[in-house]
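Please keep the sequence and the structure in view while reading.

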Amino acid sequence: MKSATPKVLHDICGRSLVGHVVTAARELDPGHLVVVVGHGREQVTGHLAALDAGVRTAVQHERRGTGDAVRTGLAELTADGTELSGTVLVTCGDTPLLTAATLRTLADAHAADGNAVTVLTAEVPDATGYGRIVRAEDGSVSRIVEHKDATAAQRAVREINSGVFAFDARLLADALGRLRTDNSQGEEYLTDVLGILRADGHRVGAARAADHREIAGINNRVQLAEARRMLNDRLLEEAMLGGATVIDPASTWVDATVTFEPDAVVHPGTQLLGRTHIAAHAEVGPSCRLRDTTVAEGAVVVSSVADGARIGPRASVGPFAYLRPGTVLGAASKAGTFVEMKQAEIGEGTKVPHLSYVGDATIGEYTNIGAASVFVNYDGETKHHTTIGSYCKTGSDNMFVAPVTVGDGSYTAAGSVITKDVPPGSLAVARGQQRNIEGWVARKRPGSAAARAAESARPRGAGEDRDG
């Protein structure tokens, strides 16, 4: 990946590569779930602990091959004397498109056929470079042949090994103890277990994945982008089949944890990230970026950014609004053009229409905040809270210097700096009285464009003596 980040921690659609695999495996409700880690293990282990507290990790200190990796994982599970039985599924940490449904199909086929090992296979358009599946007459797997070792006839086979297996736990443990390293890499290959078990007289079977793209591994940024596109398409397809409208899937990006209700509408150029939820009849976009945000029924969000916000029913946001964490918009409220909000609770029907900052504030119901207003919440050391009541009308270009409270039904005059509490039903005026100094431009800026314009605007004859 040419990155300081371990490969399996690279993100697609809101989860790490290994996070997608762990999530799929967890859906099978396994008795044990262990991830074998090596490179960057401190980062990977910490990430896994935050992702799923039930995941155990096992450290492969030396890269001695896939067989050794599986042995390391089993050793972690049996270190306390536990004797494993049943089915062991082995997956790869860089296959984010692998689904729980496919893993379940593999496990079910393994049990139904009574196999010692079952390999997940796929039929691909181009099998170049992959290990080919060679089947016996009864449909079982006789061997896996690497591309470089395959005959011309074997290279014509398009069924390939995915690297995902189901094993009988007891037979696997025994076979791992008989792996050898007499190969070009000097490593223990997990695929050699298939030959060992077949030689012991056990059946080796295969289960074919319905979609070969599920088994795609990630080894560089190009493949990462391709997988992201495929997974995003899958997520949007699920959303649309569930009743949501996505106007342009090609320009819409969603995380795996985003949810929709039927009749939600997503317009082009939109990113929906984290735990975002779009309710019925809500419209988001175009050109929105929402993370961990709830958009309630009938709300409209246009060309805006929201992070950790709750947007109420029939509320209106944007264009060009920024809702930061802790913002709660009540029903039918509005955060309009170039409005920024943070830790702000806005009541039903209240509007903040234009060019304003509302931070650390509570605003009641059916209040209107004038354009270019600022809630001055920070004194240089501490954040303070502002409370505006219900049915208030605040003037344009107001400054509310927190902590301050404006009572229900109050008005504030345009251009005011409100530093004191305003009683309910009052008009607050906090500005210097206007004073006009006539002739100032002519005296202080003689000959300027402003002076010429002012002279031209004077009534004819004003300030002059005229002949009869």
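A residue is called buried when its relative accessible area is under 20%, exposed when over 50%, and partly exposed in between, with a 1.4 Å probe and protein chains only. The model is predicted, so local features need pLDDT of at least 70 and side-chain atom pairs count only at pLDDT 80 or more, while totals for chains, interfaces and linings use all residues. Residues are numbered from 1 along each chain as its sequence is written, and side-chain values use heavy atoms, with hydrogens and water left out.

Thr118 has a relative accessible area of 0% and is therefore buried. Thr118 belongs to strand E6, residues 117–123; helices (H or I, at least four residues) and strands (E, at least two) are DSSP runs numbered from the N terminus. What surrounds Thr118? Apart from neighbours within four places in sequence, Thr118 is in contact with Leu106, His110, Val164, Phe165, Ala166, Gly205, Ala206 and Ala207, where contact means heavy atoms within 4.5 Å. The side chains of Thr118 and His110 are also joined by a polar contact of 2.8 Å. Such a contact is a pair of N or O atoms within 3.5 Å; within protein, one must be able to donate a hydrogen and the other to accept it, and residues adjacent in sequence count only if both atoms are side-chain atoms.

Helix H1, residues 17–26, is likewise mostly covered, with eight of its 10 residues buried. Leu17, Val18, Gly19, His20, Val21, Val22, Ala24 and Ala25 are the buried ones. Their cover includes strands E1 (11–12), E2 (15–16) and E3 (34–37), together with helices H2 (41–51), H4 (100–113) and H8 (221–241).

Cys92 lies in the loop between strand E5 (87–90) and H4. With a relative accessible area of 26%, Cys92 is partly exposed. Cys92 and Ser162 are 70 residues apart in sequence, and their C-alpha atoms are 9.1 Å apart in space.

A further position is marked by a record: the UniProt annotation "active site", from an unreviewed entry, covers His354. UniProt positions are given in the numbering used here, feature names are shortened, and annotations may be inferred rather than shown by experiment. His354 is part of strand E28, residues 351–354. Is His354 buried or partly exposed? Its relative accessible area is 38%, so His354 counts as partly exposed. Leaving out residues up to four places away in sequence, His354 touches Thr337, Val339, Ala371 and Ala372.

The backbone also deserves attention. Most residues other than glycine have a negative phi, and most peptide bonds are trans. The bond from Gly318 to Pro319 is cis, with omega near 0°, and Pro319 sits in the loop between strand E23 (316–317) and strand E24 (322–323). The bond from Ala402 to Pro403 is cis as well, with omega near 0°; Pro403 is placed in the loop between strand E34 (399–401) and strand E35 (404–406). Gln343, found in strand E27, has a positive phi of about 45° although it is not a glycine. Asp360, in strand E29 (residues 357–363), has a positive phi near 50°. Gln343 is partly exposed at 42% relative accessible area, whereas Asp360 is buried at 14%.
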